[in-house]
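Hi,

Here is the structure for your files. My notes follow below it.

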Amino acid sequence: MIRILLAEDMHMVRGALVALLDLEDDLEVVSELSRGDEILAAALDVRPDIAIIDIDLPGLDGLSAAVQIHEHLPECRTLMLTSLGRPGTLRRALAAQVSGYLLKDDSPKELASAIRRVVAGHRVIDSKLAVAAWNGLESPLTDRETEVLRMAAQGSEAAEIAGELHLSTGTVRNYLTTVVMKLKARNRVDAIRIARDAGWLV
């Protein structure tokens, strides 16, 4: 029996996935979660064979949760679900060493097959997403610029970002100005939109 941890914040979607997976004789959902910051503790508690994680979760994004699982429970495989085929996000997922990456609109049969293949040690990636990632552009932003923009996207002001990253407020403003220029954006809000659409921010 393959033991599954499922993290999805939309209750109807999670309920439907649990019902579909429970129809399979060899699959068992042993933990259901709606928040990313609950995943690691639950995984350490129930010790699943695989964690199926939505990329966009409250508390902690799915990719960060996958990294935590890889560090603290390496025997548990991770399979990401997403509703948006962003090439940059797929590249981040591969860098985070996830084992599978599927779109939510894939069929239940494809999901069940992917779970079995991932648990068997294979990497499973939706073919449409793989082609998009291959053709997609790399982010022009440095890691620090991405970090500053991600915090700005979460609503942090320059002074808050400066305090968190131990930088001066002027340096943070310079980073944000550079980001806007690199992305050819109209302003900070437009830069956040561009970066999110490209999958450079989760």
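Arginine 188 is found in helix 10, residues 188–198. Helices (H or I, at least four residues) are DSSP runs, numbered from the N terminus. The model is predicted: local features need pLDDT of at least 70, side-chain atom pairs count only at pLDDT 80 or more, and totals for chains, interfaces and linings use all residues. Residues are numbered from 1 along each chain as its sequence is written, and side-chain values use heavy atoms, with hydrogens and water left out.

Arginine 188 counts as partly exposed because its relative accessibility is 33%. Buried would be under 20% relative accessible area and exposed over 50%, with partly exposed in between (1.4 Å probe, protein chains only). Neighbours within four places in sequence aside, arginine 188 is in contact with Ala152, Leu176 and Val180. Contact means heavy atoms within 4.5 Å. From arginine 188 to threonine 169 it is 16 Å, C-alpha to C-alpha, and 19 residues in sequence.

Next, a helix pair. Helix 7 (residues 143–153) packs against helix 9 (residues 169–182) at about 100°, with the axes 9 Å apart. Helix 7 is therefore roughly perpendicular to helix 9 (65 to 115 degrees). Axes are lines fitted to C-alpha atoms over the stretch in contact, and angles run from 0 to 180 degrees between N-to-C directions. On the helix 7 side are Arg144, Glu145, Val148, Leu149 and Ala152; they meet Val172, Tyr175, Leu176, Thr178, Val179 and Lys182 in helix 9.

Finally, domains. The chain is divided into domain 1 (2–135) and domain 2 (143–198), with bounds from an automatic or database domain assignment. Their centres, taken over C-alpha atoms, are 29 Å apart.

Best wishes

Notes. Helix = DSSP H or I, 4+ residues; strand = E, 2+ residues; numbered from the N terminus. Parallel < 35°, antiparallel > 145°, perpendicular 65-115°, else oblique.
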